[in-house]
Amino acid sequence: MIETVLTALGLLAAVFVGINIGGSSTGVAFGPSVGSKLVSKKSAAGLMTVFALLGGWTLGRQVIDTMGGKIVPQSEFTLVASLTILFFIGLSLMISNLAGVPASTSMTAVGAIAGLGIATNTLNWAVMGRIVSWWLVAPTVAFLIGAVIGRYLYVHMQKLFKIDSSDGNLFKYTHHLPTGLQENTSIREAVSSILVVIIACYMAFSAGASNVANAVAPLVGSEVIGLNIEVGILLGVGAMSIGGFTIARKTLETVGDGITDLPLLASLVVSSVSASIISILSLMGIPASLAISSTMCITGLGWGRASRTVKVKDTLKGEKPEMKPRALKEDTGKKIGEESKDDLPDKKLFDPNIISHVVSMWILTPVISATASYVVFLILNTLG
Amino acid sequence: MTKIDTYDKVLAGMFASLSAGAFLGILTKIPLHYAAGSGAAVSMLLMYYGMFENGPVG
């Protein structure tokens, strides 16, 4: 009887986590497409479901495998342990939603499982070392790619990318299917618009690959519950889909998490870079934070763009231009070092303090989660 | 031709340390994740320099 109640609670907790992840992921992935009126909110939730399922079904298995049986052996995932881990993941989601403090679900999950491992002396340190090493690589690579694009390529990309030149529908439709371009739609505009939606789908794919594990890995890992991995993925994506159709209606309007505040082209760069990093890590079975990779990529992009206004002799003199990443919208047509601070608009999109925010989230989230989970599991062990 | 400045060097250094880590991991017996992680750690020091020590930060 108690087992049935605990299993039901576990499933409910997994659905709760999935719904929240689905809500925020749909907002992040499809914010730019919905904001530019390329897809409706319903279509966004539909596309989110399809591509999250694709990501979860293919790459997501590796992450579930790692979280559900490699960090600690499957035998440690008792009903109570699985529930406790899901409780921690749910708690971090609630805190981040209520207090507006960004917390990585993947990092909380890994931290909570590591806490269980330390308390029961079953933690696989080699696997943890592997995960933490890639946690160092991912944000650095994200920053570097963002910075290189911001410094050398962004101003040129702005000339190629165009999305809002004509009014009305982009395409002619026959039986709801696009059959050609409207007269006032340029090919460049059509290609740019299609690209926005494709990249949103890619982001949804990577969110599915990385995040389904957060909702269901503790249940799939548990020998007691014995949830089949395929059923687990369907359950996780199903919950994400509910989040996409419900919570995301609000997040799509109000997401202020950085990506959707960016100019469209910048958000496309950030989405493609972070989705690629997360997909590769998922393929390797490494749970990783999409939020951290994308924030570091935004930071890199802003840094790279701002660095164009500095000549080397000025930096040697100690002159430091201001960071104004709204500058991402501007194309002054000047080369590196020729631009001045005054060429950039005075709108603050990017706060350099964001770095300390990311670093604290990056270090604190898994540490707090691991410590709290360690204490809880130690008490549970003592109680018997 | 545009002159190479501090920030070009920072980016080149970050790329070099990340690549060196990856190559060490692939070509030697050092596990890839530890080699790549060490490369990333060096790269982060350069990132810190480029952002805070001598960075375009207002």
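**View 1. The predicted complex and its two chains.** The predictor gives the complex an ipTM of 0.94 and a pTM of 0.86. Chain A holds 13 helices and 2 strands. Chain B has 2 helices and 0 strands. Of the 384 residues of chain A, 54% count as buried. For the 58 residues of chain B, the buried share is 36%. Contacts between residues at least 6 apart in sequence were sorted by separation. In chain A, 80% of these contacts join residues at least 24 apart. In chain B, 41% of them do.

**View 2. Chain B on its own.** The C-alpha trace of chain B spans about 40 × 30 × 10 Å along its principal axes. The radius of gyration of chain B is 13 Å, whereas a compact globule of 58 residues would have one near 10 Å. The mean pLDDT of chain B is 89. In chain B, 93% of the residues score at least 70.

**View 3. Helix H6 of chain A crosses helix H1 of chain B.** The crossing of H6(A) and H1(B) is left-handed. H6(A) contributes A:Thr140, A:Val141, A:Leu144, A:Ala147, A:Val148 and A:Arg151 to the contact. From H1(B) come B:Tyr7, B:Leu11, B:Met14, B:Phe15 and B:Leu18. By class, the contact of H6(A) with H1(B) has 9 nonpolar, 1 polar and 1 charged residues.

**View 4. A:Val141, a residue of the H6(A)–H1(B) contact****.** A:Val141 sits in helix H6 of chain A. A:Val141 counts as buried because 25 other C-beta atoms lie within 10 Å; the cut-off for buried is 20 or more. Leaving out residues up to four places away in sequence, A:Val141 touches A:Ile277 and B:Leu18. A:Val273 is 132 residues from A:Val141 in sequence. In space, the C-alpha atoms of A:Val141 and A:Val273 are 9.3 Å apart.

**View 5. A:Ile71, a buried loop residue****.** A:Ile71 lies in the loop between helix H3 (60–67) and helix H4 (79–99) of chain A. A:Ile71 has 25 C-beta neighbours inside 10 Å and therefore counts as buried. Not counting residues up to four places away in sequence, A:Ile71 touches A:Thr66, A:Val110, A:Ile113, A:Ala114, A:Gly117, A:Leu123, A:Asn124, A:Val127 and A:Met128. One of these, A:Ile113, is 42 residues away from A:Ile71 in sequence. The C-alpha to C-alpha distance between A:Ile71 and A:Ile113 is 7.1 Å.

**View 6. A:Asn121, an exposed loop residue with positive phi****.** The loop that holds A:Asn121 runs between helix H5 (105–119) and H6 of chain A. Phi of A:Asn121 is near 60 degrees. That is a positive value in a residue other than glycine. A:Asn121 has 9 C-beta neighbours inside 10 Å, so this residue counts as exposed; the cut-off for exposed is 12 or fewer.

**View 7. A:Gly243 in helix H8 of chain A****.** H8 of chain A covers residues 229–245. A:Gly243 is buried because 28 other C-beta atoms lie within 10 Å. Beyond neighbours within four places in sequence, A:Gly243 is in contact with A:Gly18, A:Ile19, A:Asn20, A:Ile21, A:Gly22, A:Gly23, A:Thr26 and A:Ala248. A:Gly23 is 220 residues from A:Gly243 in sequence. The C-alpha atoms of A:Gly243 and A:Gly23 are 4.3 Å apart.

**View 8. Confidence along chain A.** Chain A averages a pLDDT of 83, and 79% of its residues score at least 70. Among the elements of chain A, helix H2 (residues 41–58) has the highest mean pLDDT, 96. Helix H12 (residues 312–317) has the lowest, 46. Over residues 315–326 of chain A the pLDDT stays under 50. The model has 36 contacts beyond four places in sequence for residues 315–326. Residues 345–349 of chain A also have a pLDDT below 50. This stretch has 13 contacts in the model beyond near neighbours in sequence. Where pLDDT is low, predicted coordinates should not be read in detail.

Definitions and conventions
Residues numbered from 1 in each chain as written. Chains lettered and ligands numbered in written order. Predicted model: local features only at pLDDT ≥ 70, side-chain atom pairs only at ≥ 80, totals over all residues. Left-handed = near helix turned anticlockwise from the far one by under 90°. Helix = DSSP H or I, 4+ residues; strand = E, 2+ residues; numbered from the N terminus. Contact = placed C-beta atoms within 7 Å. Nonpolar A, V, L, I, M, F, W, Y, C, P; charged D, E, K, R; others polar. pLDDT = per-residue confidence, 0-100. Rg over C-alpha atoms; globule rule 2.2 N^0.38 Å.
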